[in-house]
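Dear colleague,

Please find the structure we discussed below, together with its sequence. My findings follow directly after it.

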Amino acid sequence: MVQKMKINGEVLHTISVFPNMMTVPDCVVTGSNKLGHGHGEAKFYISSKEDMYSFYGGEKFTAKCFMLKSDLLAYMKAIKNEYQDPSQEYAKKSELPRLWTERMLIIEGLDDVIFFNIHDQYQIKGTRGYINSNDFGYQIIRKLALPLVSYIYVEKVGSEKEPLYYWKLFVDFETIWEKQNGPLVFNYGKSRTTKLFQENHSKKKDKEEQEIRQARNGQGKYREQLLEQCRYCPFTMIADERLLIASHIKPWIASTSEEKIDPYNGYMLSPLFDKLFDRGFITFTENRHIILSDFISPFTWKQIGLKKDMFIKTLPMDEKRMGYLKFHHESIFKGTLE
């Protein structure tokens, strides 16, 4: 599938996608984003040198990259809860709520497209590939991104002769959940719960809190109401409730209490399609057409049985779901929307 975007009026087609999500490590960030007491380093480990050189160019490469202001705003909105109520022991984490407001103001003052160059840290021996840059665009990533719960998706766009590299910051919502509540395990329902989470809340008998807790696992009133709207998976047509997952459109960790139990913030999906949607490998248009991520190979899409722009006739769609899908488009989907 070929996605495309417009930059300064020019249509840029996707050439390829970097094979790995680049997790933002602790060494990338500085100041109050830092974990522990060490000093943040500017260099960024992104992959093996073999993969890095194949994508960005040979040894000693310099690559022209860009980010979109709209993506940075979406990232900050998506990670707001982590800034407000951190899951990790960031240095000076009490300052993070204030920093979120300050950093939003910085982004709002940026150009729509932020260009920056990166270069190979070829001096570092071994097989691990590192990059670095003194440019503002690279430094803004170091300023905004919270370590270990953020990652970067990269597309090569334009032409092979003069490629550009599109970077987009994402929030790893499941990692935040794990850091708050312990490892995730597969279970019936939305399939994700933890013993620690249950123990921490065992004394909370309030009906609303119980509904919210059950909704995290795709159970309780949330699941029942969602099943009334979506009685079967729109892909497989499976209607056996034991084989369906109540999948949130706007992730649990990013939702308000009301959004967590809103049945319009969900679909009933078979496990494979829940995984694809949850990880941002598929999303939907308001007219029920599917959008596929280039992060999955064409061969795999063929094996799954999905095609570009396929019409999903029985997919529930309404104004409320379209609102939640806007968040999914901006902050979850791994790819470019045409």
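Of the 338 residues in the protein chain, 52% count as buried. Please note that this is a predicted model. The chain exposes about 16,300 Å², and carbon and sulfur atoms supply 50% of that area. Its secondary structure comprises 13 helices and 15 strands. Where contacts join residues at least 6 apart in sequence, 71% of them link residues at least 24 apart.

Helix H4 (residues 96-108) packs with helix H5 (residues 136-144) at an angle of about 160 degrees, and their axes lie 11 Å apart. Because angles over 145 degrees count as roughly antiparallel, H4 and H5 are roughly antiparallel to each other. The crossing in which H4 passes H5 is left-handed. On the H4 side, Arg103, Ile106 and Ile107 take part, and they meet Ile140, Lys143 and Leu144 of H5. By class, this contact has 4 nonpolar and 2 charged residues, with no polar ones.

Thr23 and Leu148 are separated by 125 residues in sequence, yet their C-alpha atoms are 6.4 Å apart in space. When neighbours within four places in sequence are left aside, Thr23 is in contact with Leu148, and also with Phe44, Ser150 and Tyr151.

With kind regards

Notes. Residues numbered from 1 in each chain as written. Predicted model: local features only at pLDDT ≥ 70, side-chain atom pairs only at ≥ 80, totals over all residues. Heavy atoms only, no water. Helix = DSSP H or I, 4+ residues; strand = E, 2+ residues; numbered from the N terminus. Buried < 20%, exposed > 50% of the residue type's maximum accessible area, 1.4 Å probe, protein only. Contact = heavy atoms within 4.5 Å. Areas by Shrake-Rupley, 256 points an atom, 1.4 Å probe, with all protein chains shown as cover. Axes fitted to C-alpha atoms, helices over the stretch in contact; angles between N-to-C directions. Parallel < 35°, antiparallel > 145°, perpendicular 65-115°, else oblique. Left-handed = near helix turned anticlockwise from the far one by under 90°. Nonpolar A, V, L, I, M, F, W, Y, C, P; charged D, E, K, R; others polar.
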